[in-house]
Amino acid sequence: QLQLVESGGGLVQPGGSLRLSCAGSGFPLADYAVAWFRQAPGNVREGVSSISRGGDNTNYADSVKGRFTISRDNAKSTVFLQMNNLRDEDTAVYYCAANAGYDSRWTSTAPDLYDYWGQGTQVTVSS
(Lines give C-alpha, C1' and ligand atoms only; values in the text may rest on other atoms or scores of the structure.)
Protein backbone atom coordinates (compact mmCIF):
# COMPACT_ATOMS: atom_id res chain seq x y z
CA GLN A 1 0.00 0.00 0.00
CA LEU A 2 1.19 3.49 -0.80
CA GLN A 3 2.91 5.46 1.94
CA LEU A 4 3.77 9.14 1.69
CA VAL A 5 6.46 11.09 3.52
CA GLU A 6 6.86 14.86 3.26
CA SER A 7 10.12 16.66 3.83
CA GLY A 8 11.72 20.04 3.23
CA GLY A 9 9.80 22.24 5.61
CA GLY A 10 11.45 24.73 7.89
CA LEU A 11 11.73 28.35 8.94
CA VAL A 12 12.20 31.00 6.27
CA GLN A 13 11.95 34.76 6.09
CA PRO A 14 9.24 36.47 4.06
CA GLY A 15 10.28 36.50 0.43
CA GLY A 16 12.32 33.34 0.83
CA SER A 17 11.92 29.96 -0.80
CA LEU A 18 11.51 26.34 0.17
CA ARG A 19 11.13 23.15 -1.80
CA LEU A 20 8.93 20.47 -0.30
CA SER A 21 9.21 16.84 -1.32
CA CYS A 22 6.63 14.09 -1.14
CA ALA A 23 8.17 10.65 -1.44
CA GLY A 24 6.04 7.62 -2.17
CA SER A 25 6.89 4.08 -1.21
CA GLY A 26 5.22 0.69 -1.19
CA PHE A 27 3.57 1.36 -4.53
CA PRO A 28 4.59 3.44 -7.54
CA LEU A 29 3.65 7.06 -6.99
CA ALA A 30 3.44 7.34 -10.77
CA ASP A 31 0.04 5.63 -10.51
CA TYR A 32 -1.43 8.44 -8.42
CA ALA A 33 -2.57 11.99 -8.81
CA VAL A 34 -0.97 13.98 -5.99
CA ALA A 35 -1.95 17.17 -4.23
CA TRP A 36 -0.51 19.45 -1.58
CA PHE A 37 -2.68 20.77 1.21
CA ARG A 38 -1.97 23.00 4.17
CA GLN A 39 -3.55 23.68 7.51
CA ALA A 40 -2.79 26.36 10.05
CA PRO A 41 -4.19 26.49 13.61
CA GLY A 42 -7.78 27.69 13.55
CA ASN A 43 -8.10 27.20 9.82
CA VAL A 44 -9.61 24.52 7.64
CA ARG A 45 -7.40 22.33 5.54
CA GLU A 46 -7.05 23.96 2.15
CA GLY A 47 -5.83 22.76 -1.19
CA VAL A 48 -2.63 24.36 -2.41
CA SER A 49 -1.73 22.62 -5.63
CA SER A 50 -2.27 19.34 -7.46
CA ILE A 51 -0.82 17.39 -10.33
CA SER A 52 -2.12 14.60 -12.53
CA ARG A 53 -0.50 11.19 -12.81
CA GLY A 54 1.36 12.10 -15.96
CA GLY A 55 2.31 15.55 -14.72
CA ASP A 56 0.72 17.41 -17.63
CA ASN A 57 -2.23 18.85 -15.73
CA THR A 58 -1.81 21.02 -12.66
CA ASN A 59 -3.84 23.47 -10.65
CA TYR A 60 -3.14 26.02 -7.95
CA ALA A 61 -5.02 27.91 -5.33
CA ASP A 62 -5.40 31.57 -6.23
CA SER A 63 -3.35 32.54 -3.20
CA VAL A 64 -0.24 30.74 -4.50
CA LYS A 65 -0.48 31.21 -8.26
CA GLY A 66 2.72 32.60 -9.66
CA ARG A 67 4.65 31.76 -6.51
CA PHE A 68 4.39 27.98 -6.12
CA THR A 69 5.15 25.29 -8.69
CA ILE A 70 4.23 21.64 -8.42
CA SER A 71 6.19 19.02 -10.32
CA ARG A 72 6.91 15.32 -10.21
CA ASP A 73 9.63 12.85 -11.00
CA ASN A 74 7.84 9.56 -11.39
CA ALA A 75 11.08 7.64 -11.86
CA LYS A 76 12.04 8.73 -8.35
CA SER A 77 8.50 8.36 -7.01
CA THR A 78 8.57 11.93 -5.76
CA VAL A 79 6.39 15.04 -6.08
CA PHE A 80 7.77 18.49 -5.33
CA LEU A 81 6.33 21.82 -4.34
CA GLN A 82 8.64 24.73 -5.05
CA MET A 83 7.54 27.68 -2.96
CA ASN A 84 8.92 31.11 -3.80
CA ASN A 85 8.25 34.58 -2.45
CA LEU A 86 6.85 33.13 0.74
CA ARG A 87 4.50 35.18 2.88
CA ASP A 88 3.55 35.06 6.54
CA GLU A 89 0.17 33.63 5.60
CA ASP A 90 1.85 30.62 4.00
CA THR A 91 2.74 29.37 7.47
CA ALA A 92 1.07 25.99 8.00
CA VAL A 93 1.60 22.28 8.15
CA TYR A 94 1.85 21.07 4.58
CA TYR A 95 0.56 17.64 3.63
CA CYS A 96 0.75 15.66 0.44
CA ALA A 97 -2.00 13.28 -0.56
CA ALA A 98 -2.60 10.80 -3.37
CA ASN A 99 -5.51 9.43 -5.37
CA ALA A 100 -5.23 6.38 -7.64
CA GLY A 101 -8.60 6.72 -9.34
CA TYR A 102 -10.07 8.56 -12.28
CA ASP A 103 -8.11 9.09 -15.48
CA SER A 104 -4.54 10.09 -16.23
CA ARG A 105 -5.41 13.79 -16.54
CA TRP A 106 -7.45 14.07 -13.36
CA THR A 107 -6.35 16.37 -10.59
CA SER A 108 -8.09 18.25 -7.81
CA THR A 109 -7.42 20.26 -4.67
CA ALA A 110 -10.50 18.93 -2.86
CA PRO A 111 -9.22 17.11 0.24
CA ASP A 112 -12.17 14.72 0.48
CA LEU A 113 -11.15 13.12 -2.81
CA TYR A 114 -7.77 11.91 -1.56
CA ASP A 115 -7.19 8.53 0.02
CA TYR A 116 -3.56 8.50 1.16
CA TRP A 117 -1.91 11.17 3.28
CA GLY A 118 1.53 11.91 4.60
CA GLN A 119 2.33 13.03 8.12
CA GLY A 120 2.91 16.66 7.21
CA THR A 121 5.86 19.03 7.33
CA GLN A 122 5.89 22.39 9.08
CA VAL A 123 6.52 25.54 7.09
CA THR A 124 7.00 28.72 9.09
CA VAL A 125 7.44 32.09 7.39
CA SER A 126 8.55 34.75 9.83
CA SER A 127 10.95 37.65 10.09
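β9 and β11 pair in the antiparallel sense, over three bridges. This is a predicted model. Within that pairing, V93 stands opposite Q122 of β11.

Residues 10–12 form β2, and β2 runs parallel to β11 over three bridges. Here V12 has V125 as its bridge partner in β11.

Now look at the two faces of β11, which spans residues 121–125. T121, V123 and V125 make up the covered face. Q122 and T124 make up the uncovered one. V125, the partner of V12, belongs to the covered face. Q122, which stands opposite V93, belongs to the uncovered face.

Turn next to the open sheet. Four strands build it, in the order β1-β3-β8-β7, and their pairing is antiparallel. β1 (3–7) and β7 (68–73) stand at the edges. Each has a single partner strand, so one side of each is left without a neighbour in the sheet. From one strand to the next, the twist averages 15°.

Six bridges join β7 to β8, residues 78–83, and the two strands run antiparallel. One of the paired positions is I70, whose bridge partner in β8 is L81.

Salt bridges come next. The structure holds four of them. One of them joins K65 and D62, with N and O 3.0 Å apart. Both of these residues are exposed.

The bridge between R67 and D90 has another setting. Its closest N and O atoms are 2.8 Å apart. R67 lies in the loop between β6 (58–60) and β7, while D90 lies in the loop between β8 and β9 (92–99). The pair is 23 residues apart and links distant parts of the chain. Both R67 and D90 are buried.

This pair does not stand alone. Salt bridges that share partners join R38, E46, R67 and D90 into one network. Within it, E46 forms a salt bridge with R38, the closest N and O atoms being 2.8 Å apart. How exposed are these two residues? E46 has a relative accessible area of 32%, so it counts as partly exposed. R38 is at 5% relative accessibility, and therefore counts as buried. The cut-off for buried is under 20%.

Technical notes:
Residues numbered from 1 in each chain as written. Predicted model: local features only at pLDDT ≥ 70, side-chain atom pairs only at ≥ 80, totals over all residues. Heavy atoms only, no water. Pairing = 2+ DSSP bridges. Axes fitted to C-alpha atoms, helices over the stretch in contact; angles between N-to-C directions. Salt bridge = Lys/Arg side-chain N within 4 Å of Asp/Glu carboxyl O. Buried < 20%, exposed > 50% of the residue type's maximum accessible area, 1.4 Å probe, protein only.
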